[in-house]
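Take a look at it first, and then we'll go through it piece by piece.

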Amino acid sequence: MIETLSEQILRENETVLDAMVNHRFVTDIKADRLSKEVFERYLVFEGAFVDTAISIFAFAAAKSETITQKRWLIGVLDALANQQIAYFERTFAERGIDPFAFDTAIPEVAAFRDGMYWISYDGGYLDTIAAMFAAEWMYWTWSQQAAQHHISDVLLKEWVDLHAGEEFAAQALWLKAELDAAGEGMSEAERSRLSMIFAEVQKLEIAFHDAPYLSNTKTG
């Protein structure tokens with residue numbers, strides 16, 4: 001049987017994906033020892049990225065070729081703007097977090113934001129699909145595992161359950177299916193190029209998840 005594009009990508013990037021799936025951030029969640037400070041810094045960094053994610057998926061919608069793709073991506077944009085941003089707004093209010101008191105311009109956070117943006121801005125439709133497949137397949141993978149563990153922080157558990165749930169799974173699987181459909185008859189050079197995008201995103205994700213541990217990121 002011919003290997004699908006997503007199977008090739010996951011096989012070629014098994015090592016870097018495993019490194020992210022087993023990142024300290026993930027193992028701390030599974031062990032129910034993620035500190036309040038680290039989680040809150042992460043929330044601010046991740047919340048700030050959602051605005052960039054809206055741009056990323058908007059580029060994908062603009063560059064997509066079929067109305068079926070556009071409809072799906074419009075649904076993704078709606079979820080980002082009206083569900084995910086709402087989660088961060090509510091969480092910041094409940095925790096008394098002032099997102100403007102954190103430095104979201106530190107290199108690890110900026111590199112992830114800018115790297116993902118420029119992959120989508122400069123690249124074609126499939127570049128964005130490969131990049132977001134890297135991010136969302138990774139999140140779905142570790143969140144399914146973490147959801148089986150006790151998580152005492154209610155808002156952290158909600159975050160994990162969101163990424164282990166059916167709606168997020170459908171999104172990860174849709175990205176996978178888009179790659180597999182496009183991969184049929186694709187040249188080896190193009191398949192390898194998309195695989196490299198997946199690898200680059202995992203590296204950016206690892207540094208991004210290091211960032212909440214680095215220091216007190218408050219400005220001033």
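What follows takes in a pocket, a helix and one histidine.

Keep in mind that this is a predicted model. Let's begin with empty space: rolling a probe the size of a water molecule over the atoms shows where it is left. Here the largest pocket comes out with a volume of about 620 Å³. It is lined by 29 residues, and the closest to its centre are Ala-79, Leu-80, Gln-84, Glu-136 and Phe-168. Helices H4, H5, H7, H8 and H9 each give two or more residues to that lining, with H5 giving the most, nine residues.

Now follow H9, which runs over 166-183. Its 18 residues reach 25 Å from first C-alpha to last, close to the 26 Å expected. Phe-168, from the pocket centre, is among the buried residues of H9, along with Trp-174, Leu-175 and Leu-179. What do the buried residues of H9 pack against? Their partners are H1, H4, H5, H7, H8 and H10. After the helix comes Gly-185, with a positive phi near 80°.

Looking beyond its neighbours within four places in sequence, His-209 is in contact with Met-20, His-23, Phe-25, Tyr-42, Met-138 and Tyr-139.

How values were computed. Residues numbered from 1 in each chain as written. Predicted model: local features only at pLDDT ≥ 70, side-chain atom pairs only at ≥ 80, totals over all residues. Heavy atoms only, no water. 1 Å grid on protein atoms, 1.4 Å probe; cavity = no way out; pocket = protein on both sides within 12 Å on 5 of 7 lines; lining within 4 Å. Points joined across faces, edges and corners; volume = space filled by probe spheres on them. Helix = DSSP H or I, 4+ residues; strand = E, 2+ residues; numbered from the N terminus. Expected span 1.5 Å × (residues − 1). Buried < 20%, exposed > 50% of the residue type's maximum accessible area, 1.4 Å probe, protein only. Contact = heavy atoms within 4.5 Å.
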